[in-house]
Amino acid sequence: MPKVTVDGQEIEVPNGATVLQACELAGKEIPRFCYHERLSIAGNCRMCLVEVKPGPPKPQASCALPATEGQEIRTDTPMVKAAREGVMEFLLINHPLDCPICDQGGECDLQDQSVAYGRGGSRYEENKRAVTEKYMGPLIKTVMTRCIHCTRCVRFSEEIAGVDEIGALYRGEDMQITTYLEQAAAHELSANVIDLCPVGALTSRPYAFEARPWELKKTLSIDVSDAVGANIRLDSRGREVMRALPRINDDVNEEWLSDKGRYMVDGLGARRLDKVWIRKSGKLQAASWDEAFKAIAKAKPGASIAAIAGDLVDCETMYAAKALLRAMGSDLLEGRQTGLSYDTGSLAAVNFNSTFAGIETADAILIVGSHVRWEAPLVNVRLRKAVKRGAKVFIVGPEWEPTYPATFLGGDLSVLNKLPKDVTDTFKGAERPALILGGAGLGKGALGACLALADKFKLVRDGWNGFNVLHMAASRMGGLMLGYAQPGGIGDIAKAAPKVVLALGADEVDWSAFTGSLKVYIGHHGDKGAHAADVILPAASFAEKDGTYVNTEGRVQFAEKAVFAPGDAREDWTILRALADALGVTVGFDSFAQLQAAMIAEVPALGEEGLASYGALPKADAKAKAEGEIAGYPIKDFYLTNPIARASAVMQRCSAELVHGEEIAEAAE
Amino acid sequence: MADRTPAPDTPELRARWGSFAWTEENRKKADWHIAKYPAGRQKSAVMPLLDLAQRQVGAETDTQGWLPLPVIEYVAAHLDMPVIRVLEVATFYFMYNLRPVGKFHVQVCGTTPCMLRGSDALFETCKKRGMSKGHVSADGLWTLTEVECMGNCATAPMVQINDDNYEDLTPERLDAVLDALAAGQQPKTGTQEPGRHTSEPAGGPTTLKAMVSANHDYRGEW
């Protein structure tokens, strides 16, 4: 723990800290462009110059200088001020003065720092450099003349995303950032370089010229595009969500966000259900709320009513439906729309127990039936980190392209019964072995065999639980906690042939099994569920209601309402509350607060933000065998996995261009 | 500076160079370069391999050689590297030609010492012979490039033609060198100043004269 002095203030810094970090610990702001906490140190912008003694009598780049015992660091001397002004002047030599037409304006590091640390005016009268635009795909808009060559984007794609596609060509003042042959940046985290770019060189293409940061209302929310539960901020103006940005949460998403979570928000404004619809003689016709409720009451469901929760719903909606069903005398609840029927007797057995931060420290990882890169891109980032630390990864399932070295063991699940020798050796020698079971594995009934493996390799040991199930739906863990599971999955519901089925945003269900039921779709997008429905009650999307979500590691998180739902659409719980009146039952709540209180009283874990405790792993059946061939993964198209994304023009374009490889001619701007 | 953009990625380019592969001899050389580095660090051999590829292209086209994109991709695949990383290297270093060049790549230094010693006249000489910057001359023999300092300031002005330097040039001496090359002969490389061997002071030493033939202790004379 070296002791250093920063501007006369003596502090102790951790071993291996840099001078820049020491200054930050002392509460000093150090301007920087290329330095980023989560990327390697480049030291090429020179903005972080400080004066350090002992050392050469010149300013030093603090980001790349280790802090050592007895250093005297000054950040407030005339030399430092002059050095910063000088660096800023050089950076601005080739930077265009186009802030008024630049999308970064108002949230631009260069703008802010030139105000804070730059000279008042320019002395530069020569010609400025201009660089041609580079095509980087449907999400990233480039204005490369603005680039200051910090190389954050290059380092991000190489180090974090693991897809080497951005590079710096040429040299000196001709240096240009580009992808190879201007191909689209085609991975699931590509748009994070927009956040990383300290200037307006890489900006958001769908968001181009849409809004200025100071006119946006910022709402804290949770990403529902997968089960990671990335923390996001929804920026809205009026009734429209303009964009989603990641928030920093080291336990969940660090500071990244998948492209789907970031860009599906434009789907919130398309294909929306904003009217009540009733199917009359085979055709959906606009109706009033009253007519709809009457139509449902006319079905006289009694206890013959079921609720199927979709992938995007919050816990409150699911609880409200559960309360309604309970008042009717039914417990036909199911959330696993596609027919999964794994045992939910112990939630610890279907939870991501290592936690995302924990899986980084695993040293042997067996993935069973999960295309992690598409099912949870942010978990894939963690796995890449684990591999960089020396972890070995084995994957059972059809081949996909991991961003790290991994061994595929084939698609036949019976390999789990007798694993190859190198796998068993690796796991026996591992200190923190982990297993990740994905949707494709659950679908083939591999849960029992995986639990047996957990026993065999002692995945649970002191301070470590290496048994993980990776879900894909934001609502899954919350739903399971609320009892949205039948022993036989959705098949049990179909067998019960309920008179009324409430589809809470359920769009992936095979409705042909419910021909005799009155299908009431309570959701926000005119997608597959609405097409099959007999009554459509327009509800709110995740951005339009407060709600609790539980991610796949059992982390309870709360999302806030950013905007109002369009047209006649209402928040889901109010619809269910009104439906209770129409059906003549009482559910015991009249406000959102009461609903939440009742939910928390029933499942206390939902009231506390943070990891829920599910107890110990159940006793495994040592005889459990896995069998069957994993033919494919549940996700066929990363960009179109939920109704919001399917309604999003941006996601459709990404799917066409990046997944299906269609050539999309770039309109000249 | 010269145009450093790679030759455009056209179907013709792919058709001509898509099937590029090492010759038997070059494959051995490539393996020898890769073997210089520890296993798993084969990427370190990217620069010699690019040079090797450029020379092989040169041998195939009877020029100094250059690096078409398919060849760069071939080297990347050979080293198990992302193509963009190889392209970064190829566009950074001037010794890699990214566009076709002539049989003789005449690189005239135009940096200050050479300019003061008359490099402008050397450009004139080249232009009179039909060369123009960045283009291959009509007979396919010459490509002229202006380069920055090559580190031969003591014998300025200089040109580098393929692997050799020609120094202490005047327009006449450069003409003689180029004539000889065009005639298929190998002119004397290095300094063209009669009586000069390498970069020793022209006209004999002016300082430390007592040390020319034997060691001399100057300390008593300070």
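**Cavities and cores**

In the lining of the second largest cavity, H11(A) gives the most, with four residues. This is a predicted model, where local features need pLDDT of at least 70, side-chain atom pairs count only at pLDDT 80 or more, and totals for chains, interfaces and linings use all residues. Residues are numbered from 1 along each chain as its sequence is written, chains are lettered from A and ligands numbered from 1 in the order in which they are written, and side-chain values use heavy atoms, leaving out hydrogens and water.

Helices here are DSSP runs (H or I, at least four residues), numbered from the N terminus. Helix H4 (152–161) and helix H11 (377–388) of chain A each supply at least two residues of that lining. A cavity is a set of points, on a 1 Å grid over the protein atoms alone, where a 1.4 Å probe fits but cannot get out; lining residues have an atom within 4 Å of a point. The second largest cavity has a volume of about 60 Å³, and the largest one about 80 Å³. Volume is the space filled by probe spheres set on the points, which are joined across faces, edges and corners.

Now for the cores. The largest nonpolar core has 212 residues, and helix H8 (residues 315–328) of chain A gives the most to this core, with nine residues. Such a core joins buried Ala, Val, Leu, Ile, Met, Phe, Trp, Tyr and Cys residues through side-chain atoms within 4.5 Å, buried meaning under 20% relative accessible area (1.4 Å probe, protein chains only). A second, separate core of 33 residues includes A:Tyr180 and B:Trp66.

Methods: 1 Å grid on protein atoms, 1.4 Å probe; cavity = no way out; pocket = protein on both sides within 12 Å on 5 of 7 lines; lining within 4 Å. Buried < 20%, exposed > 50% of the residue type's maximum accessible area, 1.4 Å probe, protein only.
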